[in-house]
Amino acid sequence: MRKAGWHVFALFALVGACLVVAYVHVTPFDRRTHDVGAHLRYVELVEERHAIPSGDECWECHQPPLYYVIAAEVLRAGKWPPPNEHAPPDAPGARALQAVAAALGFLTLLFWLATIRLAATTTYERVLASAIATFAPALLIEGCKVGNDPLVICFASGALWQLVSWRVSDRARHLAFAGAFAGLAIQAKANGFAVAAIVLASVLAAAVSRRDRRAPRFFWGAGACVALMGASLGVWRYVVVHVKNGVTHPNWSALAPRFGMHNRWQDFFTFDPSTFA
């Protein structure tokens, strides 16, 4: 059976783009993200100070700063004032951040479609999987928020695309790209560590099982992949644990009651269930 061509994926991409734009346009940004005020406060602090705030200055300030730096740079480039949670949806700053959310949602869909094009083997599978990806509620609900969730979802989708590309083409550079996407996911949100763990598990499984002649090339790609994720982990530790605004040991105690932890990052595995009793 003949496989669906690129025009089928282009059609789904166009439909998905229309859905993303329509969803972002008709839903107020404060309805799509329940804690949007804290995210916007983080963006405002970065934009005003040109620096990363310490972890106890706002409810979301414990998050890695990549999304908030990007959002602040977008606002600065357009000379738009940072919006707050009470800003009208048509405020210039609010529109700019909604455009960022729509762009991330659309890019996530493109990664999904690219992965389907590689993995699906028949026209039926390609059309069905593309339709599910395009009309999936998760793409709109989680992928178009104002906050760092869409960024980590986008990078996770990119990592999956590159892992599948590597398995299909056997080209080592795709492993390096998968490591780069996983490293960026770590910089977007702590959930990115799950992405890095999946990529690392794939690399280790392949290292144990591969017996073909292209093993040296594989180990080059695997080494680059692991090195990029390791470098990202080092950056994450420096930025999150030792925030770059003169605070050597940030005060995480304001967040401790929420998570039942004495120190959320440095004592990550110290969890007391009785806190929620």
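**Notes on a predicted all-helix-pattern model**

1. Helix H1 (6-26) and helix H5 (92-119) each provide at least two residues of the lining of the largest pocket. H5 is the top contributor, with 4 residues. Helices (H or I, at least four residues) and strands (E, at least two) are DSSP runs, numbered from the N terminus. On a 1 Å grid over the protein atoms alone, a pocket is an open set of points where a 1.4 Å probe fits, with protein on both sides within 12 Å along at least five of seven lines, whereas a cavity is a set from which the probe cannot get out; lining residues have an atom within 4 Å of a point.

2. Before going further, a word on what you are looking at. This is a predicted model, in which local features need pLDDT of at least 70 and side-chain atom pairs count only at pLDDT 80 or more, while totals for chains, interfaces and linings use all residues. Residues are numbered from 1 along each chain as its sequence is written, and side-chain values use heavy atoms, with hydrogens and water left out.

3. Back to the largest pocket, which holds about 220 Å³ of space; the volume is that filled by probe spheres set on grid points joined across faces, edges and corners. Its lining includes Val-21, Val-24, His-25, Thr-27 and Pro-28, together with Pro-89, Asp-90, Arg-95, Gln-98, Ala-99 and Ala-102. By class, the lining has 6 nonpolar, 3 polar and 2 charged residues. Here Ala, Val, Leu, Ile, Met, Phe, Trp, Tyr, Cys and Pro count as nonpolar, Asp, Glu, Lys and Arg as charged, and the others, Gly among them, as polar.

4. What is the overall pattern of the protein chain? Read along the sequence, the pattern is α-α-α-α-α-α-α-α-α-α-α-α, with 12 helices and 0 strands. Of the 277 residues in the chain, 47% are buried (buried is under 20% relative accessible area, exposed over 50%, partly exposed in between, with a 1.4 Å probe and protein chains only). Among contacts (heavy atoms within 4.5 Å) between residues at least 6 apart in sequence, 67% join residues at least 24 apart.

5. Please keep an eye on confidence. The mean pLDDT of the protein chain (pLDDT is the predictor's confidence in each residue, from 0 to 100) is 82, and 83% of the residues reach 70 or more. Which elements have the lowest and the highest mean pLDDT? Helix H12 (residues 256-259) is lowest at 39, and helix H9 (residues 173-188) is highest at 96. Over residues 244-277 pLDDT stays under 50, and the model has 55 contacts beyond four places in sequence for that stretch. Where pLDDT is low, the predicted coordinates should not be read in detail.

6. Now the cysteines. The whole structure contains 1 disulfide (a pair of cysteine sulfur atoms within 2.5 Å). The partners are Cys-58 and Cys-61, with an S to S distance of 2.1 Å. The link of Cys-58 and Cys-61 is right-handed, at 105° about the S-S bond, and both residues are buried. Elsewhere, Cys-154 counts as buried because its relative accessibility is 2%, whereas Cys-18 is partly exposed because its relative accessible area is 49%.

7. Ile-70 counts as partly exposed because its relative accessibility is 36%; Val-74 is partly exposed because its relative accessible area is 26%. Leaving out residues up to four places away in sequence, Val-74 touches Trp-80, Ala-96 and Val-100. From C-alpha to C-alpha, Ile-70 is 9.1 Å from Val-100, 30 residues apart in sequence. Val-74 and Gly-93, 19 residues apart along the chain, have their C-alpha atoms separated by 9.0 Å.

8. Lys-79, in the loop between H4 and H5, has phi near 55°, a positive value in a residue other than glycine. Lys-79 is exposed because its relative accessible area is 77%. Asp-170 sits in the loop between helix H8 (149-169) and H9, and its phi is positive too, near 65°. Asp-170 is partly exposed because its relative accessible area is 21%.

9. Aside from neighbours within four places in sequence, Ala-222 is in contact with Leu-175 and Val-203.
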